[in-house]
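Dear colleague,

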Amino acid sequence: MSQSSQIFPWQRALWQGLIQRLHEDRLPHALLLSGPQGTGKESLARLFARAVLCENSGNNSLPRDDLPCGTCRSCLLDQAGSHPDHHWVGLLDSKKIIGVDQIREIGTSLSMKAHYSGYKVVVITPAEQMNLQAANSLLKTLEEPPSRSLLILVASHMTALPATLRSRCQRITCALPPQDAAVSWLEAQLTPGHDAGLLLALAGGAPRVALQMAQEGRVSQRLEVLDGLERLLRNQESAVTLAASWLKLELKEALYWMHSGVIDMIRLKSAAHPPRLVNPDMRERLQAIAAQMELKTLYYQLDKIGEASRLAMGQSNAQMLLEDVLIRWNERCSGRM
Ligand SMILES: [Zn+2]
């Protein structure tokens, strides 16, 4: 597992709240860190797990900045990714689901005695990608939680997580940071030449998504999607060939940019001067497409793209999914439905 862990400036209050519970011995058996993607939930979970296991946690004689000490045996093992009481359950290789075997394994580990501080911590992320069997298996653990155990579920799509699981966790919401704070953090991370404000807008306000976009050069793919939609509208390209060409971008990527464009078209259609656009630099082109569509059609498209994005998390055929969205797009645009 990756070892990067830090408290982002916008998480300080959440962090203090968590540490206070730890010091007062008021930790529940299960926490659910929820909130939009890109707010640093996994990093928070990783560092909090380390703090729970740190042998100097709550030791008032130490200079206290409320972070794990970084020097005790537990911290050193955890930094090396080999703490025997810290289990990290994530997606394996290219799999899109967390399977029941992974959850059963942690159930067994939790039922055994802790190796060190007395706590055993399990982080499950992205928790909403557990399949039904895995979720049911976790439910059994949550119904009879072993003592001195802490489960931290991390989820960006709360509604995809079964209500029976949600109701058994104490929920902590990791909200998007205020824009100013996010832009200054982003500017400090980026090399010169990037537009931090635009990146943040494109990432829906999530600073870590914005940073990743810049690092992976994903912004150029946005233009490819918009160009494609325009060609489709002008009947210069078919949905089938467009879907095939977009597969090089990855399905999620194409759907992400399409979704962001439709959100903006809805905003532009609903207000003459919408206060915020995801793609502020594309206003005119998006307005031109929106002018050819009815508002209810745009909402319909948004639903279809959302549906395809959910299916894309499973094992669906990417080409078929994209074709389906694009065919509907063209039919609706041309008023043929
Ligand atoms: Zn420590």
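**Charges over rings**

Arg218 lies over the face of Tyr256, at 5.9 Å from the ring centre. The charged end of Arg46 is likewise placed over a ring, that of Trp88, 4.0 Å from its centre. A charge sits over a ring if NZ of Lys or CZ of Arg is within 6 Å of the ring centre and within 35 degrees of the ring normal.

Please note that this is a predicted model, in which local features need pLDDT of at least 70 and side-chain atom pairs count only at pLDDT 80 or more, while totals for chains, interfaces and linings use all residues. Residues are numbered from 1 along each chain as its sequence is written, and side-chain values use heavy atoms, with hydrogens and water left out.

**The zinc site**

The zinc ion has as its protein donors the SG atoms of Cys54, Cys69, Cys72 and Cys75, lying 2.3 to 2.4 Å from it. Donors are N, O and S atoms within 2.8 Å of the metal (3.2 Å for Na, K and Ca); water is not among the atoms, so sites may look incomplete. Along the chain, the donors follow the spacing C-x14-C-x2-C-x2-C. Cys54 and Cys69 are both in the loop between α2 (41-53) and α3 (73-79), 15 residues apart. Helices are DSSP runs (H or I, at least four residues), numbered from the N terminus.

The 4 donor atoms subtend angles of 105 to 119° around the zinc ion, which makes the arrangement tetrahedral (four donors with all angles between 85 and 135 degrees). Cys54, at 6% relative accessibility, counts as buried, whereas Cys69, at 27%, counts as partly exposed. Buried means under 20% relative accessible area, exposed over 50% and partly exposed in between, with a 1.4 Å probe and protein chains only.

**Aromatic pairs**

A search of the whole structure finds 5 aromatic pairs. In one of them, the ring centres of Phe8 and Trp10 are 5.1 Å apart and the planes are at 10°, so this pair is stacked. Rings of Phe, Tyr and Trp (its six-membered ring) pair if their centres lie within 6.5 Å; planes under 30 degrees apart count as stacked, over 60 as edge-to-face and the rest as tilted.

Trp10 also pairs with Trp185: the centres are 5.2 Å apart and the planes at 90°, so the pair is edge-to-face. This pair links distant parts of the chain, 175 residues apart, with Trp10 in the segment before α1 (12-23) and Trp185 in helix α7 (residues 179-189). Phe8 is buried at 0% relative accessibility, and both Trp10 and Trp185 are buried.

With kind regards

Terms used: Helix = DSSP H or I, 4+ residues; strand = E, 2+ residues; numbered from the N terminus. Tetrahedral: all angles 85-135°; square planar, octahedral: opposite > 155°, others 65-115°.
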